[in-house]
Amino acid sequence: MRISTTSCLCPFLVCLCFIQRCYGASHHVPAKVPSKNQTKLANGETEVHHRPKRGWIWNQFFVLEEHMGPDAQYVGKLHSNSDKGDGSVRYILSGEGAGTIFIIDEVTGDIHATKSLDRERKTHYVLHAQALDRNTEEALEPKSEFIIKVQDINDNAPKFPDGPFVASVPEMSELGTSVLQVTATDADDPTYGNSARIVYSILQGQPYFSVDPKTGIIRTALANMDREAREHYTVVIQAKDMAGQVGGLSGSTTINITLTDVNDNPPKFPQKNYELYVVESAQVGKPVGKIKANDEDLGINADIKYSIINSEGANMFSISTDRDTREGIISLKKSLDYERKKTYTLHIEGTNTHVDPRFSYLGSFKDTATLKISVGDVDEPPVFSMDYYIMDVYENSPGGTEVGAVTARDPDSNNSPVRYFMDNKDDGERYFRINESTGVIRTTRPLDREDMPWHNITVMASEVGNPTLLSSAPVTVQVLDVNDNPPEIATDEEVIVCESSRPGQLIQTVTAVDKDDFANGQRFSFALPSQLPVNPNFTLKDNEDSTANIIARRRRFNHLTQELYELPIVVWDGGEPSLSGTSTLTLRVCPCQRHGRIRICQGEAFLSSAGLSTGALIAILLCIVILLAIVVLFITLRRSKKEPLIISEEDIRENVVTYDDEGGGEEDTEAFDIIALRNPAAAEELKFRRDVRPEARQHCAPPRSRRSTSVELDAVDVHEFIKHRLVEADMDTSVPPYDSLQTYAYEGQGSPTGSISPLDSPGTQSEQDYNYLDDWGPEFQKLAELYGEADSDVTT
């Protein structure tokens with residue numbers, strides 16, 4: 001098989017195609033690497049598979065883009081070894097563009113392109129060719145694949161996809177400082193010729209800027225460009241392909257470059273001397289004038305700090321910077337007085353706050369100016385000798401007592417007389433008056449320190465000739481204390497006496513209060529009234545530290561017997577002269593429970609924990625009363641309807657007698673005594689000795705000790721005993737002629753611990769003190785009362 005291909009030598013010349021023979025596969029196989037027709041065996045040898053040789057092998061075809069000729073562009077020729085030139089072979093073409101872009105002559109195998117191609121849209125086409133027998137339509141050669149590549153020509157100019165550009169560079173930059181890098185793109189094939197090889201050049205912006213022809217980096221071409229002279233520049237950059245040769249295509253873009261500011265200019269005052277007029281009545285701390293220095297820089301590079309560098313001006317005036325206007329605001333530090341000084345000279349300096357050390361060679365970044373201030377004379381109000389006054393007077397002093405005096409003068413040269421009066425806005429006129437000529441302040445009534453210890457008044461002063469000019473001064477009057485109030489007992493807390501209190505036990509520590517003021521602290525003494533008889537219940541002990549202890553004098557209190565006690569206490573203070581007062585405390589008796597060191601009544605604790613109000617308690621009590629009334633009414637009605645036990649005397653039938661008796665609990669040792677069942681004689685003895693367990697007799701045995709009897713009774717089967725007694729009752733002829741229903745309750749036996757009843761234990765008298773049970777809390781309160789009563793009985 002032979003293949004014909006074409007190759008373009010120039011844009012309008014098509015080269016002849018050559019035919020290549022297909023050789024064996026061994027010409028294309030590298031050493032030691034088996035081909036597709038070989039198999040490597042286990043012993044290292046290779047087995048060759050033979051197949052018929054192909055009649056043709058397709059190579060690449062090339063076609064020029066942008067063909068503008070009137071005829072179809074010739075691409076190449078297909079030829080098969082089976083083609084004898086007699087027209088019996090038919091060539092067919094399939095794949096990308098087959099039949100539309102590329103056509104083939106079925107007889108000769110010539111391929112033509114019918115349309116103009118663009119490499120930037122599609123670089124190559126993949127097609128398939130096949131040779132068929134025209135008569136039988138059988139394939140003479142297998143279908144084979146080949147590629148048609150579109151060959152590039154320079155038909156695209158360079159472009160700047162991101163343009164136009166905006167850039168900036170600091171002013172006063174050095175020569176060659178990089179500003180910006182621009183990049184152009186070319187759609188042509190960069191691997192073929194110089195169609196996509198770009199060179200950069202500057203069309204506008206010289207001599208200030210330059211561009212690198214290969215990288216497109218724009219740099220400064222002049223040193224120390226000044227923003228204050230020119231701030232904006234327009235630079236035009238061109239990109240040309242074909243390495244910049246003649247005939248190459250080009251594109252351009254614009255770069256707007258701005259010089260940014262640096263601090264290369266010092267501040268400058270427009271003039272060296274300024275004048276300012278300020279009246280002497282100007283307020284301290286208020287602005288009185290402005291001054292400004294100019295700076296050609298921008299932003300923080302133009303920030304200026306103003307200062308007064310001479311002491312004469314710095315003592316009377318201050319200067320600050322307005323950040324918005326960059327002006328120096330001059331304010332007054334002290335009051336001006338035309339009569340004392342009429343002019344002031346200020347040396348003002350303006351300095352940049354952000355200095356760039358790179359430009360220190362340009363000089364100091366500051367400037368100075370002189371400001372002369374003239375003070376204007378005005379008619380001023382009177383001036384007090386002090387900014388404020390503090391005076392004092394003793395309480396209870398009679399009206400008209402002198403407190404103090406204020407003075408004021410006219411600061412003007414004519415020295416007009418001054419008139420004093422009190423400001424009618426405050427209530428000082430109720431307690432004080434002032435002499436309008438001398439300024440002496442006196443009281444109008446006796447003052448009470450306990451009512452108001454301090455008085456704040458305002459004294460006004462005006463010139464007699466010009467009453468509209470006013471000045472004021474605050475006056476504070478302190479009322480000094482005298483001992484005129486007796487002390488009293490502080491009754492903030494309720495005094496509670498516990499029922500379990502013992503003689504000598506502390507009930508409460510009391511303190512005193514006094515409305516008077518003592519410089520060295522309050523000192524109080526306490527005692528019971530001497531004119532009253534000795535209190536049998538409580539005594540008082542002075543602790544000599546302004547406190548006293550209330551101590552119980554007897555052993556027990558009972559709130560049911562007496563709940564409230566009154567205890568008068570006399571208190572003396574440590575003043576001159578000493579005053580005393582008598583206070584009566586109310587002590588309430590109640591059962592107590594301990595909460596740390598504080599004792600509160602049980603009733604109060606319960607009510608406080610329950611959180612019940614008075615109305616709720618009243619409602620609860622009312623419900624209880626109603627229920628009790630209902631129960632009493634029910635019992636009364638039931639008793640009134642009871643029938644007699646025997647209806648009539650003629651009714652001789654047997655009757656069942658019912659006894660509605662309840663046991664007396666643990667304290668009733670007779671109601672259900674099991675010994676009464678076993679020995680009626682013992683029951684008679686129990687009527688006299690209820691505190692001793694009776695001895696039991698069994699049959700006719702002699703009496704035994706109490707302990708052995710108890711053990712023996714426990715061993716008896718009570719059930720058998722009751723049956724025995726029942727038989728005896730049935731056989732006894734002396735009993736009434738009707739049945740009697742008797743009920744016995746027996747707890748049982750079997751406890752390994754035995755009985756804890758005190759009846760089996762011998763009664764001994766203990767000399768132990770059980771007063772410590774009072775400190776164990778409410779749970780042991782009942783036990784403490786029982787042992788306390790026992791001790792009282794023993795003592796009696």
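A contact here means heavy atoms within 4.5 Å. By that rule, residues 24 or more positions apart account for 65% of the contacts in the protein with a separation of 6 or more. This is a predicted model, so to speak plainly: local features need pLDDT of at least 70, side-chain atom pairs count only at pLDDT 80 or more, and totals for chains, interfaces and linings use all residues. Residues are numbered from 1 along each chain as its sequence is written, and side-chain values use heavy atoms, with hydrogens and water left out.

**Overall make-up**
- The protein has eight helices and 45 strands, taken as DSSP runs numbered from the N terminus (helices H or I, at least four residues; strands E, at least two).
- Of its 796 residues, 33% count as buried, meaning under 20% relative accessible area with a 1.4 Å probe, protein chains only.

- β21 and β24 (residues 327-332) are joined in the antiparallel sense by five bridges, and I291 has G328 in β24 as its bridge partner.

**Around F780**
- F780 sits in the loop between α7 (718-731) and α8 (781-795).
- Because its relative accessibility is 33%, F780 counts as partly exposed, the class between under 20% (buried) and over 50% (exposed).

Technical notes. Two strands pair if DSSP finds at least two bridges between them.
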